[in-house]
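Here is a short briefing on one protein model. Look over the sequence and the structure first, then read the points below.

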Amino acid sequence: MVERRVLWLVGALIALSALFLLWQLRAPMGFILSLRGTKLASLILVGAATGIATVLFQTVAGNRLLTPGIVGFDALFVFIQTALVLSLGGIGYATLPSVAKFLFETGALVGTGLLLFGGLLLRDARDLTRMILTGVILGVMLRGLAEMMQRVMAPSEFAVVQQALFATFGAVDTNQLWIAGALLGAATVAALRLAPALDVAALGRDRARSLGLGYDFLMLQALALVAVLVAVATALVGPMTFLGLLAASLAREITGTHRHAAVLPAAGLMGALILVAGQFGFERLLSRQSALAVMVEFFGGLLFLLLVLRRRSV
Amino acid sequence: MRSSPRSPGPIADLLRPAILIAAALIALTTASLAIGSASLWGGDLGTGWLLAVSRFPRTAAALLAGAGLAVAGTVVQQAVQNRLVEPSLTGTTESAMLGLIAITLIAPGMSIGWKAALAAVAALAGTGGFLMLARRVPMQDPLLLPIVGLIYGGILSAMAIWLAWNADLMQLLGAWRLGEFSGIVQGRYELLWIIAALSLLLYTLADRLTLLGLGETQARSLGLNYTQTRLLALAVMSLIASLVTVTVGALPFVGLVAPNLISRWRGDNLRANLPFIAAGGGGLVLAADIAGRLIRYPYEIPAATVFSVFGAAIFLWLLHSVPARSHG
Amino acid sequence: MIKVEGLSKNAGAVEILKDLTLSIPPGGITALIGPNGAGKSSLLHCIAGLDRPTSGMVRIDGTDPFSCPDRERARHLAFLQQSQPVVPRLTVRDMVAFGRWPHHGGRPRPEDAEATEQALRAFELEDLSERPLEVLSGGQRQRALVAMTYAQATPWLLLDEPLNALDPRHAHDLMRRLNDLSHAADERSVVVVLHDINAAARWADRIIAMKDGRIAAEGLVAEVLTGEVLRDLYDTPFDVLVHGGRPLVVTV
């Protein structure tokens, strides 16, 4: 039954994608189709990566309210990117081949993310709220540092950072899409392979360990996957804090299970659905551009508060 | 709180720290008056004129804004009995911005003083919303409250962005969201002096604020009119936050860092410590502004940006240097 | 045989366990008693391989739980934690089935499903098996967790205050079941932290009494449950009566 619900989501995404591509299609059809195709692909990639990353991260943190964005994972990515421009110079950065750049940034995020959040998680495993708050404040600090570096830069370098960080769904480099797609695919397969062990890990650290799970190592693996997925999403469109929360919560609600083998793909599909539907609604039906991110933040934030209050009153 | 070496007497106990912090403030003020892209002496501009029109207003604005936010932070911490909140973690600053945007839309020509007053009403309403949320967050988990506040503020921000973006006011909103002092000149900051008066008012309430921090039941059994005191304190706090927002823009963490640092150093008696908290906040913001002027001289980095880095670092230190249970 | 030698555990500056040496023979029920903060849970965590001791060694049937692969350890020793965070949307059957994870590692075989059903039957959970844990009462939830530990099918079973939240009937049932298990032919050994001294008196074969991170007394039930030992242990006077051939303890 659970599998059937995931299939429903697949069906919905396909139908919505078709609508997105073909709605009021006019000549020159080939051109418009390829334009829309690129946009659709990036929406799906970002939504899926964010959804899956959030479910993984929630299991690592043992908390259903968190997203990588809330604890500053994407702030770390912004920080790395800015630091890279600052150290290479605007021209040096711009002349790097985009594939190499992307892979390097992803690698750097995996490394620093593991160091920072892995250390935090393992050290503060018993004091969850403090760990979350540390992450939140760390995020604020990293954003501040990135901004400070951007202010210190020459205007030409600043322009490079701006372009790197605030790409929109329309203006995504096709090369990047291919790498992002490959990374997303690989990370998804890896996450699904970990799924049964993640089910055990969700019981909590001590319980999972007394069942013989190599908990800490599994958490590091999951965290590395989170880093890859966050890098994919952030590199394509910039940070979106609450999309993952929406996707993960809705996916759990729809599948009604704790099993990662079902929740992970459902969250990925849900993230993609939210973005495609949102973009379609805003752009085609209301003809408003780029309001999507603000709306996702708004509703995601509301959902967060609702979850906090509901959890507390149980 | 922590044991400090016994000092000779109550007067000396107050005098030494007072001298210490006064000396620090004087040094910072001197530095702030002297540093800037135009040279004080021998430039094209007259020394006295430069001081009066730009340097002095800027220095005073930083001191006043910092002091006000520090006091405001103390007030809201007492009101919700949680050490880890401050106006930008209770939706206060964000709802002030939302109010400002709305007022600018409805009555663009209104004077800045009235705008600030109406924004304060919005800020108070927003803080009221936060208090309702805070009631549902259990006391045993004091670290959850700042997270809830941060997200609550995020929602209000998203609403403000949405409004500003539709009305083409993004630039204005940008200025409010990021506090800086480079635009402060004579005639553009005088509203901040109201903060000095408000801080004095709060000082006369210091004992009651201390009682607020004991919680409703305890405070009432000691004879405090809890609801009225809390409303008054929060109204004053909202006014301070909106005055700062409208003149210099948001300065996150000030209201959190200054009271906590002073509380670690001097303990929790507000009658003795409120002046120190105000002085500490003013000094920290001025220091951040000076640092922002120096890091990439002669260009400037906004004080809010500088403070978000150092303030966050201090926050992290506060968070990890004591066991979590003793917060709150 | 569980052997513990020179075991010390510090948390920051506080010494929780102070140079403990003890051995627990296989078979039967060994009860750990003592006042709050005596270090009973910490000792159990160290034996279960979950918390590394500051110094000293632990051997479970000759194996070091800290150098043994995790899943192998979990097939040899099961541990029931004191308080459980509950995972939403987990049914009782799901929860009990996790007890088989050390045996199949994510690929359940038919015999694992059978073991799960048997554990559900053993703890009378068949009717509750499809209910989510969060809607159960504290006692029902506790039974589900014990059933999970049981499904792990390990020679050693460590339980930290399993009687919490259980009504007298289910507390009695649980202890009886542990008693049956520990004296059955395949001989499972049970180590259990109890706050109810009379439950220890009724069901235990051996008692270890702890205070301030040290062992205050150990031995057979009648040796440990004397007025003198209990008074020193809890700083409260006790009367020891006899009921059905076993000691019965009341505070004076």
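Q24(A) sits in the loop between α1 (2-22) and α2 (29-61) of chain A. This is a predicted model. The points below start with that loop and its backbone.

- Most residues other than glycine have a negative phi.
- Q24(A) has a positive phi, near 45°, and is not a glycine.
- Is Q24(A) buried or exposed? Q24(A) counts as exposed because its relative accessibility is 54%, and the cut-off for exposed is over 50%.
- F253(B) also has a positive phi in a residue other than glycine, near 80°.
- F253(B) lies in the loop between α10 (226-247) and α11 (254-266) of chain B.
- F253(B) has a relative accessible area of 5%, so this residue is buried. The cut-off for buried is under 20%.

**Chain A as a whole**

- Which elements make up chain A? Chain A has 13 helices and zero strands.
- Read from the N terminus, the elements of chain A run α-α-α-α-α-α-α-α-α-α-α-α-α.
- Chain A has 314 residues, and buried residues make up 60% of them.

**Aromatic rings**

- A pair of aromatic rings is described by the distance of the centres and the angle of the planes.
- How many aromatic pairs are there over all chains? The count comes to 10.
- One of these pairs is F57(A) with F73(A), whose ring centres are 6.3 Å apart. Their planes stand at 90°, so the pair is edge-to-face. The cut-off for edge-to-face is over 60 degrees.
- This pair links distant parts of the chain: F57(A) is in helix α2 of chain A, and F73(A) is in helix α3 (residues 73-88) of chain A. The two residues are 16 residues apart.
- F57(A) and F73(A) are both buried.
- F130(B) and Y152(B) have ring centres 6.4 Å apart. Their planes are at 35°, so the pair is tilted.
- F130(B) is buried, with a relative accessible area of 0%. Y152(B) is buried too, with a relative accessible area of 12%.
- F20(A), W23(A) and F280(A) form one aromatic cluster.

**Salt bridges**

- How many salt bridges are found over all chains? A search of the whole structure finds 23.
- One of them joins D74(A) and R143(A), with the closest N and O atoms 4.0 Å apart.
- This bridge links distant parts of the chain, 69 residues apart. D74(A) is in helix α3 of chain A, and R143(A) is in helix α6 (residues 128-152) of chain A.
- D74(A) counts as buried because its relative accessibility is 6%. R143(A), at 39% relative accessibility, counts as partly exposed.
- In chain C, R59(C) and D64(C) meet in a salt bridge of 3.8 Å, N to O.
- R59(C) is partly exposed, with a relative accessible area of 25%. D64(C) is partly exposed as well, with a relative accessible area of 22%.
- D173(C) and R169(C) also meet in a salt bridge, at 3.5 Å, N to O.
- Why are D173(C) and R169(C) separated by about one helical turn? Because they are four residues apart in helix α7 (residues 168-183) of chain C.
- D173(C) counts as buried, at 10% relative accessibility. R169(C) is partly exposed, with a relative accessible area of 48%.
- Salt bridges with shared partners join E124(C), R169(C), D173(C), R176(C) and R177(C) into one network.

**Positive charge on the surface**

- Which residues gather in a patch of positive charge on the surface? They are R193(A), R71(C), R75(C) and R107(C).
- R107(C) lies in the loop between α4 (101-104) and α5 (110-122) of chain C.
- R107(C) counts as exposed because its relative accessibility is 67%.

Note on methods. Residues are numbered from 1 along each chain as its sequence is written. Chains are lettered from A and ligands numbered from 1 in the order in which they are written. This is a predicted model: local features need pLDDT of at least 70, side-chain atom pairs count only at pLDDT 80 or more; totals for chains, interfaces and linings use all residues. Side-chain values use heavy atoms; hydrogens and water are left out. Patches are made of residues with over 30% relative accessible area and no salt bridge: like charges are joined within 9 Å, nonpolar side chains (Val, Leu, Ile, Met, Phe, Trp, Tyr) within 5 Å. Accessible areas come from the Shrake-Rupley method with a 1.4 Å probe; for residues, only the protein chains shown count as cover. A salt bridge is a side-chain nitrogen of Lys or Arg within 4 Å of a carboxyl oxygen of Asp or Glu. Lys and Arg count as positive and Asp and Glu as negative; His and the chain ends are not counted. The place of a charge is taken as NZ of Lys, CZ of Arg, CG of Asp or CD of Glu. Buried means under 20% relative accessible area, exposed over 50%, partly exposed in between (1.4 Å probe, protein chains only). Rings of Phe, Tyr and Trp (its six-membered ring) pair if their centres lie within 6.5 Å; planes under 30 degrees apart count as stacked, over 60 as edge-to-face and the rest as tilted.
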